[in-house]
Amino acid sequence: MKIAILGTRGIPNNYGGFEQCAEFLSVGLVKKGHEVLVYNPSFHTYNKHNYKGVKIVKVYSPQNLVGASAANFIYDYLCLKDALKKDVDIILELGLITSAISIILLKDKNVPIVTNLDGLEWKRKKWSTSVQKLTKYLEKYGVKYSDYLISDNIGIKNHVLNEYGKYSRYIPYGAQKIKNFNIDVLNEYELHPYQYILSICRLEPENNLEIMIDGYIESNQRIPYIIIGNHLTPYADYLKDKYRNKNIFFLGGIYNKNHLDSMRHYSSIYLHGHSVGGTNPALLEAMASGAFILAHENQFNRSVLDDNALYFSKKQDVSLSLNNIAQKDIYIKKNLDKIEKVYNWSKIINDYERYFKDILSKKV
């Protein structure tokens, strides 16, 4: 098969979850004998035309002119327009919202477009009401005009079926079980093993940081609460001002995966507040690092963790959980087993390949 992968900020990954998926998936499919093209924006720092056998196609993104949000719509349009000229067998769009207009305008009955939906973007609290309505509209018509759909989470699969009456193939993100950790990494951040609480996330309202921080404060824990993620935003400034001198430390963005894996592993407990859907890569990485997890109570996190974590929906839940940690080793072991059996990259690459073959042979 000749496959084009669109919709990301490119590979090798230096940004986030969909980029990680694009990298592992494309390289894995090449190893299985397929020809794969991955589209990179013009600002990506990788300038070679080939990455581990994957063909890199660079396309202009006007991010510096119009900002990232508007640029993504233009970039996705240009990528899809180019991919339709490349005589590919199948096009995979990673992400729905900014690609929805492109799919509607450029849809070609001769080349199937498979869209991985990601989460429920219209639920993001950072958006205004009008933007939320627009995003919901884009989701509706993006789902309608995509030829085939992939949901990375059972909750998303159920949403698409219940809301739009459309089938989507469930294929989650992947992760790799981490086997080696470097305890010396903690020294760089003045941390001690199992003597800190940790969250790694974007500092946005829908990630429930205020509930987690308020619960931490109410628990009267003496060990620090460490929060990793870009803190150079208005909402991050609000959080830093509100919780000044509360034994809470905002370390900013850290992008060294080896450091992050070790910091997850040696945390006392990992707080995960994501709530707007999808299988969050940061949650899988916490599981793969052997972290003990306290997660926001919602169907998306539940479908990933099952009963192998503690859950919260209000600050009192966080406070009680931080002071009553039980079955830690059992939860960690079960999550590590799940990474190997369910979220294994080899299995996921096989699932994508099988779905693509089913599509091309008209079995779905």
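Entry one, aromatic rings. Rings of Phe, Tyr and Trp, the last by its six-membered ring, pair if their centres lie within 6.5 Å. I noted that the model is predicted. I then looked for a cluster and found F181, Y194 and Y266 together in one aromatic cluster. By the same rule I got a count of 11 aromatic pairs.

How far apart are the ring centres of F24 and W345? I read 4.7 Å, with the planes at 0°, so I wrote this pair down as stacked. The pair links distant parts of the chain, 321 residues apart. I found F24 in helix α1, residues 17-31, and W345 in helix α15, residues 345-360. F24 is partly exposed because its relative accessibility is 27%. W345 has 6%, so I put it down as buried.

Next I looked at Y46 and Y51. Their rings are edge-to-face, with 5.5 Å from centre to centre and 85° between the planes. Both Y46 and Y51 are buried.

I also checked for a charge over a ring. The charged end of R302 sits over the ring of Y311, 3.8 Å from the ring centre.

Entry two, helix packing. Two packed helices are described by the angle between their axes and the distance between the axes. I took α5 (residues 129-145) and α6 (residues 154-164) and read an angle of about 85°, with the axes 11 Å apart. Angles of 65 to 115 degrees count as roughly perpendicular. I therefore wrote down α5 and α6 as roughly perpendicular to each other. Which residues meet here? From α5 I listed K136, E139, K140 and V143; from α6 I listed H159, V160, E163 and Y164. I sorted the residues of this contact into three nonpolar, one polar and four charged.

Then I turned to α11 (residues 281-288) and α14 (residues 328-341). They pack at about 115°, and their axes are 8 Å apart. L284, M287 and A288 of α11 make the contact with N335, L336, K338 and I339 of α14. By class I wrote five nonpolar, one polar and one charged for α11 with α14.

Which of its residues are buried? I noted D317, V318, S319, S321 and L322. What do the buried residues of α13 pack against? I listed β9, α8, β12, β13 and β14.

I found K52 in the loop between β3 (50-51) and β4 (54-59). Its relative accessibility is 58%, so K52 counts as exposed. I left aside neighbours within four places in sequence and found K52 in contact with V27 and V30. K52 and E23 lie 29 residues apart in sequence, and their C-alpha atoms are 9.6 Å apart in space.

Most residues other than glycine have a negative phi, and most peptide bonds are trans. I looked for exceptions. A cis peptide bond joins I11 and P12, with omega at about -5°. P12 is in the loop between β1 (2-6) and α1.

N208 is not a glycine, yet I read a positive phi of about 60°. N208 lies in the loop between β9 and α8. At 7% relative accessibility, N208 counts as buried. N247 has a positive phi too, near 65°. I placed N247 in the loop between α9 (234-242) and β11 (248-252). At 28% relative accessibility, N247 counts as partly exposed.

Key: Residues are numbered from 1 along each chain as its sequence is written. This is a predicted model: local features need pLDDT of at least 70, side-chain atom pairs count only at pLDDT 80 or more; totals for chains, interfaces and linings use all residues. Side-chain values use heavy atoms; hydrogens and water are left out. Axes are lines fitted to C-alpha atoms, for helices over the stretch in contact, and angles run from 0 to 180 degrees between N-to-C directions. Helices (H or I, at least four residues) and strands (E, at least two) are DSSP runs, numbered from the N terminus. Angles under 35 degrees count as roughly parallel, over 145 as roughly antiparallel, 65 to 115 as roughly perpendicular and the rest as oblique. Contact means heavy atoms within 4.5 Å. Ala, Val, Leu, Ile, Met, Phe, Trp, Tyr, Cys and Pro count as nonpolar, Asp, Glu, Lys and Arg as charged, and the others, Gly among them, as polar. Rings of Phe, Tyr and Trp (its six-membered ring) pair if their centres lie within 6.5 Å; planes under 30 degrees apart count as stacked, over 60 as edge-to-face and the rest as tilted. Buried means under 20% relative accessible area, exposed over 50%, partly exposed in between (1.4 Å probe, protein chains only). A charge sits over a ring if NZ of Lys or CZ of Arg is within 6 Å of the ring centre and within 35 degrees of the ring normal.
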